[in-house]
Amino acid sequence: MPQIKSIAISACLLGHKVRYDGDHQENTIIKQLTEHFTIIPVCPEVEIGLGVPRAKIELHQQGTKIHLLTCTQPVVDLTEKMMSYAETFLDNSQISGFILKDKSPSCGVDNCKQWNEKGKMQRNGTGIFTAAILKLKPGLPMLQSNLVTQASDLDNFIQQVAAYED
């Protein structure tokens with residue numbers, strides 16, 4: 001019998017109250033994936049020491065780099081801490097895929113609010129945790145939470161995870 005593969009899922013999508021506002025975004029479709037995979041909940045913001053509830057964090061462009069900054073004074077740059085956590089997470093987890101919370105400044109992919117150097121907000125940013133994961137393991141299957149309701153996207157993700165070899 002083949003070994004069951006593990007996937008990491010944003011903890012808020014599994015019902016854990018870890019969001020900045022102290023709430024969750026539980027998704028019943030995602031929770032049903034326990035039939036197919038071993039689930040590893042992850043909330044990178046909590047793992048780097050941010051509390052619940054907490055002030056919002058944002059993506060800001062500074063030169064050619066994107067930074068993860070707190071919205072409170074004094075502003076704290078969390079970029080290196082988040083990137084380091086992503087590396088540690090991958091080193092300590094044998095995962096074959098990720099389902100991540102869309103629009104999150106930590107976990108979103110190409111749909112996060114991001115401020116450019118002129119202060120203009122765009123909606124095409126990628127969360128710092130996810131950006132680090134994509135750089136470290138570019139072939140790792142990944143699905144945004146807003147796409148799990150589309151059967152073809154979810155089926156494609158499940159097939160990619162099944163075929164993934166690290």
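Predicted model: local features only at pLDDT ≥ 70, side-chain atom pairs only at ≥ 80, totals over all residues.
Helices here are DSSP runs of H or I with at least four residues, strands are DSSP runs of E with at least two, and both are numbered from the N terminus.

**Stop 1: the largest pocket**

Select Arg19, Tyr20, Lys103, Ser104 and Pro105. Of the 27 residues lining the largest pocket, these are the closest to its centre. The volume of this pocket is about 550 Å³. Its lining is made up of 14 nonpolar, 10 charged and 3 polar residues. Now colour α2 (44-47), β3 (57-62) and β6 (112-115), each of which contributes at least two residues to that lining.

**Stop 2**

You will find Arg19 in the loop between β1 (6-10) and α1 (28-31). Is Arg19 buried or exposed? Its relative accessible area is 17%, and under 20% counts as buried, so Arg19 is buried.

Pro53 sits in the loop between α2 and β3. Arg19 and Pro53 are 34 residues apart in sequence, while their C-alpha atoms are 6.9 Å apart in space. Look also at the link from Val52 to Pro53: this peptide bond is cis, with omega at about -10°. Most peptide bonds are trans.

There is another cis bond to visit, the one from Gln73 to Pro74, where omega is near -10°. Pro74 belongs to the loop between β4 and α3.

**Stop 3: the strands around β3**

Next, select β3 and strand β4 (residues 65-70). These strands run antiparallel and are joined by 6 bridges. Two pairs to click on are Gln61 with its bridge partner Ile66 in β4, and Glu58 with its bridge partner Leu69 in β4. Together β3 and β4 make a hairpin with 2 residues between them, and Gly63 in the turn has a positive phi of about 70°.

Which strand runs parallel to β3? Bring β6 back into view: β3 and β6 are parallel, with 2 bridges joining them. Here His60 stands opposite Trp115 in β6.

**Stop 4: the loop between β5 and β6**

Return to Lys103, in the loop between β5 (98-100) and β6. Lys103 has a positive phi of about 70° although it is not a glycine. Most residues other than glycine have a negative phi. With a relative accessibility of 56%, Lys103 counts as exposed.

Asp110 lies in the loop between β5 and β6 too. Its phi is near 60°, again a positive value in a residue other than glycine. Asp110 has 53% relative accessibility, and over 50% counts as exposed, so Asp110 is exposed.

**Stop 5: helix α3**

Select residues 79-92, which form helix α3. Show the side chains of Thr79, Met82, Tyr85, Ala86, Phe89 and Leu90, which are buried in α3. Why do they fall on the same side of α3? They cover an arc of only 130° around the axis, which puts them there together. An α-helix has 3.6 residues a turn, so residues three or four places apart point the same way. Turn the view to the other side of α3, where Glu80, Asp91 and Asn92 are exposed.

**Stop 6: helix α5**

Move on to helix α5 (residues 151-163). Its 13 residues reach 18 Å from first C-alpha to last, close to the 18 Å expected at 1.5 Å a residue. Leu154, Phe157, Ile158 and Val161 are buried in α5. They span an arc of only 100° around the axis, so they lie on the same side of α5. On the other side of α5, look for Ser152, Gln159 and Ala163, which are exposed.

**Stop 7: a cavity and one more pocket**

Select Leu90, Ser93, Ile95, Lys137, Leu140 and Asp166, the residues lining the largest cavity. This cavity holds about 30 Å³ of space. Its lining has 3 nonpolar, 2 charged and 1 polar residue by class.

Methods
Residues numbered from 1 in each chain as written. Heavy atoms only, no water. 1 Å grid on protein atoms, 1.4 Å probe; cavity = no way out; pocket = protein on both sides within 12 Å on 5 of 7 lines; lining within 4 Å. Points joined across faces, edges and corners; volume = space filled by probe spheres on them. Nonpolar A, V, L, I, M, F, W, Y, C, P; charged D, E, K, R; others polar. Pairing = 2+ DSSP bridges. Expected span 1.5 Å × (residues − 1). Buried < 20%, exposed > 50% of the residue type's maximum accessible area, 1.4 Å probe, protein only. Arc of directions from axis to C-beta.
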